[in-house]
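This report describes how selected parts of one protein chain are arranged. Please keep the sequence and the structure in view while reading.

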Amino acid sequence: MRAKITYCVLAAVLIVYFVLVGSRGVLLIEQGTALTVAFGVAVLILPFIGLWFLWHTTQFARKAGRLARELEAEGGLPVDELKRTPGGRIDRDSADEVFDRRRAETERAPEDWRTWFRLAVAYHDARDTPRARKAMQRAIALHDGKPVRA
C-alpha cells in the first residue's frame, strides 16, 4: 500500500510540474518573437512526453497488479523463499538460485502467462529491472491474448 501511495504522490507532483512547465511554454509563445516561440514549442513538448510516459507506466502497473491479484486468487503467487542479508537485502546467490528455477519453469511452459509473471518477479529479485519489465510485459500480453514477439 505504501508503494501505491508513493506512486500517486509522485504522479501528482509530476502533473503539477507538467502544468508549470506548460504554462512557461505558453508564456514564451505569447512573447511572439521567433526565438521565444521556438523555445515555447520545445518547452510544451516536454510535458506531453512526460504525460505519455506517466500514462504508460500507470497502465503497466495496473495490468501487472491485476495479474498479481488473479494469480493470488489461484494460489500461484511465488512464495518469498529468498535469503536476506542482515541489512535486509536479498542475497544474490539465493536470488540466482530461485531465478534458475523460474527460468526452467518458463522454458517448460512458454505460453503460460503465470510462468512469465513468476519469472518477472525473479528478475526483479535478481535486480535485473529491464528484463523483469520485459517478462511482465510478456505475461500481460499472454494473459490478454495479444500476439507476443519472440
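A residue is called buried if its relative accessible area is under 20%, exposed if that area is over 50%, and partly exposed in between. The model discussed here is predicted.

Thr 106 is a residue of helix 3. Its relative accessibility is 4%, so Thr 106 counts as buried. When neighbours within four places in sequence are left aside, Thr 106 is in contact with Thr 115, Trp 116 and Leu 119.

How many aromatic pairs does the model contain? The count comes to two. In the pair formed by Phe 99 and Tyr 123, the ring centres are 4.7 Å apart and the planes stand at 50°, so this pair is tilted. The reason lies in the cut-offs: planes under 30 degrees apart count as stacked and planes over 60 as edge-to-face, while the rest count as tilted.

Phe 99 belongs to helix 3 (residues 92-108) and Tyr 123 to helix 4 (residues 113-125), so the pair ties together parts that are 24 residues apart in sequence.

## Helix 1 against helix 2

Two packed helices are described by the angle between their axes and the distance between the axes. Helix 1 (residues 2-31) packs with helix 2 at about 160°, and the two axes are 7 Å apart. Because angles over 145 degrees count as roughly antiparallel, helix 1 is described as roughly antiparallel to helix 2.

The crossing of helix 1 and helix 2 is left-handed. Which classes of residue make up this contact? The contact of helix 1 with helix 2 has 17 nonpolar and eight polar residues, and no charged ones.

## Helix 2 against helix 5

Helix 2 (residues 34-74) also meets helix 5 (residues 129-144); their axes come within 10 Å and cross at roughly 65°. Helix 2 is therefore roughly perpendicular to helix 5, a term that covers angles from 65 to 115 degrees. This crossing, too, is left-handed.

On the side of helix 2, the residues that meet helix 5 are Thr 57, Phe 60, Lys 63, Ala 64, Arg 66, Leu 67 and Glu 70. On the side of helix 5, their partners are Arg 133, Met 136, Gln 137, Ala 139, Ile 140, His 143 and Asp 144. By class, the contact of helix 2 with helix 5 comprises six nonpolar, three polar and five charged residues.

Lys 63, one of the residues of helix 2, has a relative accessibility of 29% and so counts as partly exposed. Apart from neighbours within four places in sequence, Lys 63 is in contact with Ile 140 and Lys 146. How far apart are Lys 63 and Ile 140 in sequence and in space? They are 77 residues apart in sequence, whereas their C-alpha atoms are 6.8 Å apart in space.

## A positive phi angle in a loop

Arg 127 is located in the loop between helix 4 and helix 5. The phi angle of Arg 127 is near 65°, which is a positive value in a residue other than glycine. Is Arg 127 buried or partly exposed? Its relative accessible area is 46%, so Arg 127 is partly exposed.

Methods. Residues numbered from 1 in each chain as written. Predicted model: local features only at pLDDT ≥ 70, side-chain atom pairs only at ≥ 80, totals over all residues. Heavy atoms only, no water. Axes fitted to C-alpha atoms, helices over the stretch in contact; angles between N-to-C directions. Helix = DSSP H or I, 4+ residues; strand = E, 2+ residues; numbered from the N terminus. Parallel < 35°, antiparallel > 145°, perpendicular 65-115°, else oblique. Left-handed = near helix turned anticlockwise from the far one by under 90°. Contact = heavy atoms within 4.5 Å. Nonpolar A, V, L, I, M, F, W, Y, C, P; charged D, E, K, R; others polar. Phe/Tyr/Trp six-rings, centres within 6.5 Å; stacked < 30°, edge-to-face > 60°. Buried < 20%, exposed > 50% of the residue type's maximum accessible area, 1.4 Å probe, protein only.
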